[in-house]
Amino acid sequence: MNSINTFTKKHHWVWSAIGAAIMFIAVSIISGKISFSSFSANFAIASYVTICALGQMIVMTTGRGAFDLSIPNMITLSAFLTMGLIDGKNQNFLPVLLLVVLVGTVVGLVNSFLVIKMRITAMIATLAVGYILSTGTSIYNRTFNCMEVCGIMKSIVATKVLGLPIICYIVLLIIVGISFMFRSVTLGRALLALGQNKRAAQLAGIRVDLVEMLAYIMSAVLASLCGFFLSGRVGGAFLGMGDSYLMDTVGSVVIGGTLASGGRAVTLGTLFGALFLCFVVAAMQVANFSIGVQNIIKGAIIIFVLALSAGQKEKND
């Protein structure tokens, strides 16, 4: 029993993994069959959530209740830019990808400037930037008329290798990279130190402003990548297409084991948290729950996990 407790305390992703497995079984029971294709489809959906949720996780790791509320608008803007500039041509894929990453970097810089230099609360600053992005997207939408997906994008979102779409493997590579950052790179350890105690991090010689700035940049870039690939999945772009991702990113992060108060990041858990939410939604859809009921249940789950997280933080303190 002690060994189990030790393992779960060391690997905070375990509970979200168990929850995802239980919900997959529940979906299978409700639908009347266990299907790998069902798992593959939900894994693909969870992959898009995971991409931007990892950015949310990085921002939350910095502590002091930081959340990036510009993520949904960054996703939508990125999708519009992707579809409008790629124009269905494979030769435009890489240049547009680089441009989208550049736009994400600029948005991250703006967010970090407002939070660090202007000392505006993270949620207020990123919400304001989100409104600006939304307005810009609405203006662009007036002349937007391209809905053609290039061949490379179609392959990434639809072609399967060992039963899983290529996008799933891209997400797994991103997870490996971010996990490595937190475990073996100075930036990752600095992010954790910043979230645990900003003053102590400063006294330890960590350039906290630079670290926090990079956190917001990574969040915006990952959100832009999510919009880039998501446009290929839905075959276009539309206003509000990233709206549902705000609650999903926060939910995936906290369910995955990351502390909302900062100082602990659970990268693999974020993926399992996204899978858990996707299976919950799938179960409710099979059971013919309305969209309103689905949102209420998802919100209740997130509140419950946040409450548990707060209780654990108080216990540790």
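Student: Where does leucine 162 lie?

Tutor: Leucine 162 is in the loop between strand S1 (160-161) and strand S2 (164-165). Helices (H or I, at least four residues) and strands (E, at least two) are DSSP runs, numbered from the N terminus. The model is predicted, so local features need pLDDT of at least 70 and side-chain atom pairs count only at pLDDT 80 or more, while totals for chains, interfaces and linings use all residues. Residues are numbered from 1 along each chain as its sequence is written, and side-chain values use heavy atoms, with hydrogens and water left out.

Student: Is leucine 162 buried or exposed?

Tutor: Buried means under 20% relative accessible area, exposed over 50%, and partly exposed in between (1.4 Å probe, protein chains only). Leucine 162 has 77% relative accessibility and therefore counts as exposed.

Student: What is the phi of leucine 162?

Tutor: Most residues other than glycine have a negative phi. Leucine 162 is not a glycine, yet its phi is positive, at about 55 degrees. Arginine 64 is also a residue other than glycine with a positive phi, in its case near 60 degrees. Arginine 64 sits in the loop between H3 and H4.

Student: How many salt bridges does the structure hold?

Tutor: A salt bridge is a side-chain nitrogen of Lys or Arg within 4 Å of a carboxyl oxygen of Asp or Glu. The structure holds three. One of them joins arginine 64 to glutamate 212, with the closest N and O atoms 3.1 Å apart. Arginine 64 is in the loop between helix H3 (36-61) and H4, and glutamate 212 is in helix H11, so the pair ties together parts that are 148 residues apart in sequence. Arginine 64 is partly exposed at 47% relative accessibility, whereas glutamate 212 is buried at 5%.

Student: Which helices do aspartate 248 and lysine 298 lie in?

Tutor: The side chains of aspartate 248 and lysine 298 meet in a salt bridge of 2.8 Å, N to O. Aspartate 248 belongs to helix H12 (residues 245-255) and lysine 298 to helix H14 (residues 291-316), so this pair ties together parts that are 50 residues apart in sequence. Both aspartate 248 and lysine 298 are buried.

Student: How far apart are the closest N and O atoms of lysine 89 and aspartate 87?

Tutor: In the salt bridge of lysine 89 with aspartate 87, these atoms are 4.0 Å apart. Lysine 89 is partly exposed, at 38%, and aspartate 87 is partly exposed, at 34%.

Student: At what angle do the axes of H4 and H11 cross?

Tutor: Axes are lines fitted to C-alpha atoms, for helices over the stretch in contact, and angles run from 0 to 180 degrees between N-to-C directions. Helix H4 (residues 71-86) and helix H11 (residues 208-234) have axes that come within 7 Å and cross at roughly 50 degrees. Angles under 35 degrees count as roughly parallel, over 145 as roughly antiparallel, 65 to 115 as roughly perpendicular and the rest as oblique. H4 and H11 are therefore oblique to each other.

Student: Which residues make the contact of H4 with H11?

Tutor: Contact means heavy atoms within 4.5 Å. On H4 the residues include Ile71, Met74, Ile75 and Ser78, and on H11 they include Ser219, Ala220, Ala223 and Phe228. The residues of this contact divide into 11 nonpolar, six polar and no charged. Here Ala, Val, Leu, Ile, Met, Phe, Trp, Tyr, Cys and Pro count as nonpolar, Asp, Glu, Lys and Arg as charged, and the others, Gly among them, as polar.

Student: At what angle do the axes of H8 and H9 cross?

Tutor: The axes of helix H8 (residues 166-184) and helix H9 (residues 186-196) cross at roughly 75 degrees and come within 5 Å. That makes H8 roughly perpendicular to H9. Met181, Phe182, Arg183 and Ser184 of H8 make the contact with Thr186, Leu187, Gly188, Arg189, Leu191 and Leu192 of H9. These residues divide into five nonpolar, three polar and two charged.

Student: Which residues is leucine 69 in contact with, leaving aside its neighbours within four places in sequence?

Tutor: Leucine 69 is in contact with Met123, Thr126, Leu127 and Leu246, those neighbours left aside. Leucine 69 is in the loop between H3 and H4 and is buried, with a relative accessible area of 18%.
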